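Here is a briefing on the structure shown below.

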Amino acid sequence: MKINVLLFASLKDIAGKGQLEIEVEGKCSVENLSKKLYELYPKVESFDSSVRIAVNQEFIEGDIELKDGDEVAYLPPVSGG
Amino acid sequence: MNIDIRIPSPLRRYTDNQSTVSLNIEEPSVSSALESLLKKHEELGRHLYDEDGALRSFVNIYLNNEDVRFGDGLDSNLKEGDELSIIPAIAGGVPVTLDNWEISRYSRHLIMPEVNIEGQKKLKASSVLLIGIGGLGCPSSLYLAAAGIGRMGIVDFDVVDDSNLQRQVLFGTSDVGSPKLQAAEKRLKDLNPRMEIELYQERLSSENAREIISKYDVVVDGTDNFPTRYLVNDACVFEGKPNVYGSIFRFDGQVSVFNYDGGPCYRCLYSEPPPPGLVPSCAEGGVLGVLPGIIGTMQATEAIKLIVGMGESLSGKLLLIDALSMDFRKLNIKKNPDCKVCSENPELTELIDYDDFCGVAAQTEEDSDKIDEITPVDLKARIDNGDNLVLLDIREEVETKICQIEGSVHIPMQEIPSRLSELDMHSDLIIYCKSGERSYAVTSFLKKSGFNRVSNLYGGTLAWSETVDPTMPKY
């Protein structure tokens, strides 16, 4: 199945793009998806404890199972003013 | 017939802390639902109605998200399962009138049914506190003053700098070097001479935050660092004030309303700050000048909506804006039932040391014993003396194109860990960036990686320009 991943702020700079599609086989949870994302962009992992993740526009707590076509947004905190 | 009435947080003390009261009513009208509510919770009465028995002007009743004032008022019909909400406007209770000068000035508001003369009076009776008058505070203060709010407080301790003018539209070239508050007061007074302005030329701190915030109806957070963001959030929660939040980075902006009507606070979204140094500031990462204009005016819009009590606020939502693609997205934020400050049994009930919480002070103290620093003047003397030095510029590629100290080696900060082998452990390494902050972190990292002859250039290229080479541009 295909997951649509959105990256914001510093994460976008690291990956060089704000949107990408990650293809996964069989079942996949948000945690598994994050691992795949970190394999693609190792520097994103340094944000692991600070980033908030939203699945289909809802921020999630903990881990959840994903389904085909889900949109997963990774949002690091931003402090600029 | 069964009906639910949502009670706003300030009135819940009169409903045994219930956020929703379920009622069984006989007649299907808003007024009969309110009557039944008051029978059950008598004390609410004096908060909803005035002495003459009329609904107070700052109390809005919403039927399934529509203000009943724009329907049939208290006679509006109800059907099974409808939800009524009591939404008090933020400011209120102070009777104000508008004179002809104000009626002419605000005519474009007055002729809109959503604002009308009542809404304009609420704006006049309201007070807003702006924390930080930078990229976000400049546009929001201009529009709030223009909209006719009665009283504005501004907290900022900074001085106008050349590099501010790319986005801080309150200030002009002639203001460079003056305190921001002085320049802001001049411009805002000219824009709205009737608005009271209260200036706090100081850093918002755990000592003064609650007292200052308690004096205002709405807080607009335009700060530029994590410790102050957490301080503003916690103080707003403790004082029961809505926090209109905006934040920017390069092309990305975020807007929300925190701690409003039982909604989430900033800590429900980010319970802990990121480790120091992980998230670059605007001074490090840059920001498109017009972006704070967009985000700051959105904050002003939200503040005005809260005060007038119109529309739907961004409470419980985080609006994300990407100026490069012009994508706008709203994400839903839920209140965290275990939130350390705004949950029912909060772990924190008073302000803490926010520099410490965000690891800012701790890091400086821990490393300061071990880090060698050199001033630009001493470095110049060593270069002139012909000492064998390696000058390592750790800034981003784009910055090296603006200026660079002659004879430098360039490795961007992010690449240092993977390019350590390019550095000679046995020569004196001088690390520099723009201000000395990023290079401090790199110096500390190199020291931990076994480099003993490494020093940080104190004050970076800014200090080099000020004390050694005035021809070097400051940016």
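**Helix packing in chain B**

In α15(B), B:Pro376, B:Val377, B:Leu379, B:Lys380 and B:Ile383 meet B:Ala463, B:Trp464 and B:Thr467 of α18(B). Contact here means heavy atoms within 4.5 Å. This is a predicted model: local features need pLDDT of at least 70, side-chain atom pairs count only at pLDDT 80 or more, and totals for chains, interfaces and linings use all residues. Residues are numbered from 1 along each chain as its sequence is written, chains are lettered from A and ligands numbered from 1 in the order in which they are written, and side-chain values use heavy atoms, with hydrogens and water left out.

- The residues of the α15(B)–α18(B) contact divide into six nonpolar, one polar and one charged. Ala, Val, Leu, Ile, Met, Phe, Trp, Tyr, Cys and Pro count as nonpolar, Asp, Glu, Lys and Arg as charged, and the others, Gly among them, as polar.
- The axes of α15 (residues 376-384) and α18 (residues 460-467) of chain B come within 9 Å and cross at roughly 75°. Axes are lines fitted to C-alpha atoms, for helices over the stretch in contact, and angles run from 0 to 180 degrees between N-to-C directions.
- The label covers 65 to 115 degrees; under 35 is roughly parallel, over 145 roughly antiparallel, and the rest oblique.
- Helices (H or I, at least four residues) and strands (E, at least two) are DSSP runs, numbered from the N terminus.
- A second pair is α5 (residues 116-125) and α12 (residues 291-308) of chain B, whose axes come within 8 Å and cross at roughly 110°. α5(B) is therefore roughly perpendicular to α12(B).
- B:Gly119, B:Lys122 and B:Leu123 of α5(B) make this contact with B:Ile304, B:Ile307 and B:Val308 of α12(B). These residues divide into four nonpolar, one polar and one charged.

**Interface of chain A and chain B**

- 23 residues of chain A are in contact with 37 residues of chain B.
- The buried area is about 2,600 Å², of which carbon and sulfur atoms give 54%. Buried area is the accessible area (1.4 Å probe) that two parts lose on being put together, summed over both.
- The rule finds five salt bridges across this interface. A salt bridge is a side-chain nitrogen of Lys or Arg within 4 Å of a carboxyl oxygen of Asp or Glu.
- A:Glu58 forms a salt bridge with B:Lys334, with the closest N and O atoms 3.7 Å apart.
- On the chain A side, α1 (9-15), β3 (52-55), β4 (58-59) and β5 (71-75) each give two or more residues. The largest share, four residues, comes from α1(A).
- That side divides into 10 nonpolar, seven polar and six charged residues.

**B:Arg329**

- B:Arg329 lies in strand β13 (residues 327-332) of chain B.
- Its side chain makes a polar contact of 2.9 Å with the side chain of A:Glu71.
- Beyond neighbours within four places in sequence, B:Arg329 is in contact with residues including A:Leu6, A:Phe8, A:Gln57 and B:Leu318.

**A salt bridge within chain B**

- Over all chains, the salt bridge count comes to 31.
- B:Asp99 and B:Arg194 meet in a salt bridge (3.1 Å, N to O).
- B:Asp99 lies in the loop between β5 (83-88) and α3 (100-105) of chain B and B:Arg194 in the loop between α7 (180-191) and β8 (196-200) of chain B, so the pair ties together parts that are 95 residues apart in sequence.

Technical notes. A polar contact is a pair of N or O atoms within 3.5 Å; within protein, one must be able to donate a hydrogen and the other to accept it, and residues adjacent in sequence count only if both atoms are side-chain atoms.
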